[in-house]
Each structure stands twice: as structure tokens, then as C-alpha cells.
Amino acid sequence: PASQGGTLQPCLRVLALATGTRCIGVAAMMAGNGNVVHDCHAEALCRRAFQRYLFGEIESSLSGQEEDSLDHCSILERVPDCILNGVVATKEPCWRLKPGVRLHFYVSALPCGECTLVPLNSTAEGTLSRRADLGAPADGQEASLLEQPLMDCNRTGAKPSSGMPEDPKACGIGFHCRGILRYKSGRSDTRPESRSVSYSCSEKICRWNHTGWQGALLGRLLPEPVTVATVVVGGSLFDEAFVQEALFDRAGPPQAGGAVRPEFWHTKVPFHSSRESLEKQAATAGRPRAKTSTAGLSIIWSLARGLQASRSISAAAVGFYDVLVGHTGERHGLRCDRPACGGQHAAAVDAASWVSALSKQIMARDAMLSLSCILGSATAVEQWLASGAAEVAATGQQHSSEVLLADDAGACPPVAKRRREGSSEDPDDDNKRQALTATLTYAWLKDAAGGAAFVERRKRFHSSGPFVHWPRKRSIRFSIAASAGRSESAGAEGLADVAEALPPVDGFVVAKAPAWQ
């Protein structure tokens, strides 16, 4: 709410937005080394742009920037002592949403995956209306015959993920399996190395609703779950109970001290550039019936400030603005600065126009720079991350025992062996912290910056329903089989007879910014 004459007035402000329907395959994920955006669906990009906005708001609150207009009125407030569920948890700096601030998430169509499988009552609805065998009525046939009641479900191109049963593709309501995990859409004849292992937007939104929309990199700075009050879905299809089950309830009821179930609303106000709207416009104009292809580019914007806005593709735009090529995960920019090996070297990031600020590599680096601003120095950040890693390890909440840091010999002491709170100072602590920041991986950074509370929420989510089968990307590898001479994706458990294997997807080393070195 905004204040006018001492009275709070409700108002709406756009904080982040994005478009997009594409994603990249597992081979491109591995080769990208964190420099490409894996998932260019609008929901994922919008949430990542929102994370940049949150970092910018925290930085601005420390710099003392005046909030002289609605656009510059922060939604966050600093908490003197980090209070979690009414209890003073730590003395480290943390923030929370201001009282009265409510977040709303709008998506112009049902998110891909489970949410898309809403029941249909007529062949004139959803994907059934585009089927060729249910085309326009023949001469003398009434159009109403195509709208006879039936029991069916909307179709999705999202494929069952590894370990999930295949869709039976039976007639009617049994065409798809219900309640399983799904990857992003893709052609059935796609080569294994080109298939996506990004989970569908239904799965991701369900996880954000339970763990918090701020994500792991902001987990300790925003220790309470950042939740949305409403999820508003556009388009002609909607079933409130079905959508609620897909985007929240299938991971369990709200937990004490955890996320709150949002309200799920529907709007029939059309998004004029959606596939559904364009197909209706074509039908109204009498043009031949054809499937409308989605745009290959993704447009992203957020009301970010400071460092978070400086990464914008255009200096003329207010806030952060970016354009991505959906099928490559790269910024729509120059190509003359591309490394010869296709962008695998993190050292080329500083001068690379094709690397988006929404890539994990740049998001992690900017998070480190923001933390340096918040905590005062790079040394303070090293200590802060080390304490967070030790806290997570001490509670036994790590998802795997994989080696997260590696020295020249390929091994490193586990994080659990780091100094515990209150123990005597280890003379090798400085060397350990230097080794930590020299070989800091993205997977490790998420745990260290997320903290025990966030990791506990994430663990609870992944222990419910079908989500127990959701492997973290640190366990997904792209392997090259020596005997077959071809590439294929494999889980961590299937690498026994593989000759060569690249590091896990989130096992790349975060390249430090020059200001941090």
C-alpha cells in the first residue's frame, strides 16, 4: 500500500515480468558451465528477475537511497535482530517484507506440466479444439455436435521425468498419468542429449510456494519464506481445485513456520499476444486453421536498482532489461566475443555480451558482490559463507555427500569438518576460507547462502509425494559412453560403466568478479 495524507491506499506495482516458452537440453546445460540460462519459460525467468529486484532493494536500503516515489518505495525492511518464527535466530543482517505488502503472481496461461492437465468437458476446449481429427464441422453438420459433453483432460507436451511412469495415452481422461513429475515440453524424437531435464513450471511453482520465492541465494538475507498471496491464471481453461492441487497441495499442507498456501484465481482478460488469442484472431479473420508457433525470444524486465540494474542490456531502460534466445539460453547480443569452444570457459564471462545476467554464473557472482556490499568486505563474506555451510552440515540437512570443493588432487575435506560455533580458532581457517572462495561451486554456494532454515524447508518439500524423486542438479551429469561413441544423459547412479563424465550440472566453479579478487 502507498501512503497518501497519512492514509494507506492500496496500489499495484509491477516488480518483474518475462515472456518465453523455450528451454535447452542437458548437453547444452553441461557445456554452458553456468553461462547459459537453462529454462527460458516465462515463469522461471520472471522469478529470477524478481530475485535480482530483491538483491537491489537490500543494497539500496544500505546505501540510504531516498524513497521519493512509489516506484522507489522498497517492499523490504531490515530486521535489527534476525527473527525467525518469533525467535531471535542470529545477529546477522536480514530483511523481511514490510507489513501490508502482498505479492501477486500472474501467468497468462496454465503453467506447463501437471497444472495443464485440467479436466475438459467439450472437444471445443483446450488442446482438443486444435486436434485435426476433431476439425471444423462437415457440410450440414451442426457445430454444436463438436461440443458434446465428455470426460477428458487437456494435453501437455511435458514428458515424464526419470523414474516416472510413461503416459498410457489411452482415450479420454486416461491419456496422461496424474501426479507425476515432468520435464519441460519437447519432441518425442529428440536426441537424448538435446532433451531437457528442467522440471515443468508446475513443479517449480509448487516448490517456490513451499520453500519461498526468494530462492537459496537469498535464504539467509530473507530467512522467512517470501510467499505470494495470489496466483492469477489467464486463458480460457481453469479449475481452482485442480490448480491448487498441482501448485501447492500435492506437496502437503502448509507447515507451521513455513509457507502459506496462496489463493488461486482466474481471469478471462486475455493476454493479446498469447497463442490462444492469436488463434482466435486468425479464426475471426477467416484465415486457415493452423497451430501458432510461440516466439523464440524471451523478454525480461524487473524494477531492479544499483548493481542489479547495471547488468541491463540497455542503458536507456529503467531497471533491469534483458532479451534471451530461448533455444540457446544466451543473451540476444554480439557473437564476436564467443569462445571457440562454445562458451565453456568462465574466464570469458567478463567480456561476453552473449552471457545473460540471469545465468547462474552471473547471478552467483552478483550475489557475491551484493554480499560484499552488505557485509562490508570480501573477507566478511568468506566467513559468512563458511559459517552458513557449517550450520547446514551440522544439522545433517545436506542432500548428498558429493564432493563440493576440489583441490588439485580432486578432493577436499567435507564442509562438516569446518569449525563449529564456539570452538577454538583453527590456525588453518584463513587457508580454508581462501581455498573455499578459490574453488567455490554453485551447488555449495546455494547451501551456504541458503542457511539451515531454507535447506530444511527444501528438504521437507523433497520428502513429500512425488517430489522425493526430484534429484538436485548436482547429481545430474552429461556422460559420454566410450563403447557407443555417442552422448546420453544419465543420473549419478548410472555412471559405473561410463568412460568419461563431465561435472554435475550445478558443479561448475563460480568465477569471481575482478572486484572480489
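**Figure 1. Strands β17 and β18 in a predicted model.** Strand β17 (residues 297–302) and strand β18 (residues 320–325) run antiparallel and are joined by six bridges. Strands, at least two residues of type E, and helices, at least four residues of type H or I, are DSSP runs numbered from the N terminus. Residues are numbered from 1 along each chain as its sequence is written. Because this is a predicted model, local features need pLDDT of at least 70 and side-chain atom pairs count only at pLDDT 80 or more, while totals for chains, interfaces and linings use all residues; side-chain values use heavy atoms, with hydrogens and water left out.

**Figure 2. The two faces of β17 and its pairing with β3.** In a regular strand the side chains alternate between the two faces of the sheet. The covered face of β17 holds S298, I300 and S302, and the uncovered face holds L297, I299 and W301. Strand β3 (residues 16–18) pairs with β17 in the antiparallel sense over three bridges; two strands pair if DSSP finds at least two bridges between them. L17 has W301 of β17 as its bridge partner.

**Figure 3. The open sheet β10-β15-β16.** This sheet has three strands with parallel pairing. Its edge strands are β10 (104–107) and β16, each of which pairs on one side only. Neighbouring strands are turned by 20° against each other on average, direction ignored; the axes are lines fitted to C-alpha atoms, for helices over the stretch in contact, and angles run from 0 to 180 degrees between N-to-C directions. Four bridges join β10 to β15, and Y106 has V232 of β15 as its bridge partner.

**Figure 4. The buried residues of helix α4.** In α4 (residues 240–247), F242, V243, A246 and L247 are buried, that is, under 20% relative accessible area (1.4 Å probe, protein chains only). Seen down the helix axis, the buried residues fall within an arc of 115°, so they line one face of α4; the arc is that of the directions from the axis to the C-beta atoms. These residues pack against β11 (119–120), α3 (201–211), β15 (230–233) and β16 (263–266).

Figure 5. pLDDT is the predictor's confidence in each residue, from 0 to 100. The chain averages 77, and 68% of the residues score at least 70.

Methods
Buried < 20%, exposed > 50% of the residue type's maximum accessible area, 1.4 Å probe, protein only. Contact = heavy atoms within 4.5 Å.
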